[in-house]
Amino acid sequence: MTMTAQEYKERTSRSYKLLLLFAMGSMTMMFAGIVSAFVVSKSREDWMKDFQFPTAFYYSTFAIILCSVTFHLAKKAIQKDNRQATTIFLWLTLGLGLSFVFSQFKGFEQLMQSGYFFTGPESNIATTFLYVIATLHLVHLAGGLISLLIIIYNHFKQKYNSGQSLGIELGAIYWHFLDFLWICLFLFLYFFK
């Protein structure tokens, strides 16, 4: 029995979405392990007290939330064959993603200016955890930015339309995941310092 083109497309779409879900699940488990180590380490004598969260992390949180919104709007626009709006929203997502990265590095800079270092004699276990968590999120975001650049390239090659938007859908799912993950990490670090 042969598959129709539509059945093949649906099966391929389900397979890619399942692979993405497995990848996101493994990332979640990695961050859960780091967070649990953070919680266990909090009972140490050398844990920092009166930690002030960098203001740049607030801006980066706002930027990544807007990234999810613009990516969602890009997906909706391509599903309506509105190429111009899709282009605008994809470029906005890229700009906001880059501003998230910039804000994260500004946050690291603010941490160092406040005397919180990743390594060396001035460092402690709490700041090391903070740097590791933020850096790992940036690494995953780099993957999101690379996939976004590929999506933008494919969009300009006119590979997406209302009948074929899988790449943009997968990208949007991943960005929503990154957004959710950062918000969870941000709230955890903010309230459980």
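D81 is partly exposed, at 42% relative accessibility; in this scheme buried means under 20% relative accessible area, exposed over 50%, and partly exposed in between, with a 1.4 Å probe and protein chains only. The structure is a predicted model, in which local features need pLDDT of at least 70 and side-chain atom pairs count only at pLDDT 80 or more, while totals for chains, interfaces and linings use all residues. Residues are numbered from 1 along each chain as its sequence is written, and side-chain values use heavy atoms, with hydrogens and water left out.

D81 is found in the loop between α2 and α3. Helices are DSSP runs of H or I with at least four residues, numbered from the N terminus. The phi of D81 is near 60 degrees, a positive value in a residue other than glycine. Most residues other than glycine have a negative phi. Q158 also has a positive phi, of about 60 degrees, and is not a glycine. Q158 lies in the loop between α4 (125-156) and α5 and counts as exposed, at 59% relative accessibility.

The loop between α2 (55-79) and α3 (83-113) also holds N82, which is partly exposed at 37% relative accessibility. From C-alpha to C-alpha, N82 is 56 Å from R44 in space, and the two are 38 residues apart in sequence.

Side chains of opposite charge can pair when their charged atoms come close. A salt bridge is defined here as a side-chain nitrogen of Lys or Arg within 4 Å of a carboxyl oxygen of Asp or Glu. By this rule there are two salt bridges. One of them joins K17 and E169, whose closest N and O atoms are 3.2 Å apart. This pair links distant parts of the chain, with K17 in helix α1 and E169 in helix α5, 152 residues apart. K17 is partly exposed, at 28% relative accessibility, whereas E169 is buried, with a relative accessible area of 18%.

The side chains of K106 and E109 also meet in a salt bridge, at 3.3 Å from N to O. Both residues lie in helix α3, three residues apart, about one turn of the helix. K106 is partly exposed at 31% relative accessibility, and E109 is partly exposed at 34%.

E169 is also one of the residues that line the largest pocket. A pocket is an open set of points on a 1 Å grid over the protein atoms alone, where a 1.4 Å probe fits, with protein on both sides within 12 Å along at least five of seven lines; lining residues have an atom within 4 Å of a point. The largest pocket holds about 170 Å³ of space, a volume being the space filled by probe spheres set on the grid points. Helices α1 and α5 (166-191) each supply at least two residues of the lining, and α1 gives the most, with five. The lining comprises one nonpolar, eight polar and three charged residues. Asp, Glu, Lys and Arg count as charged, Ala, Val, Leu, Ile, Met, Phe, Trp, Tyr, Cys and Pro as nonpolar, and the others, Gly among them, as polar.

L18, L21 and F22 make a nonpolar surface patch of about 330 Å². Patches are made of residues with over 30% relative accessible area and no salt bridge, with nonpolar side chains (Val, Leu, Ile, Met, Phe, Trp, Tyr) joined within 5 Å and like charges within 9 Å. Accessible areas come from the Shrake-Rupley method with a 1.4 Å probe. F22 is found in helix α1 (residues 5-41) and is exposed, with a relative accessible area of 59%.
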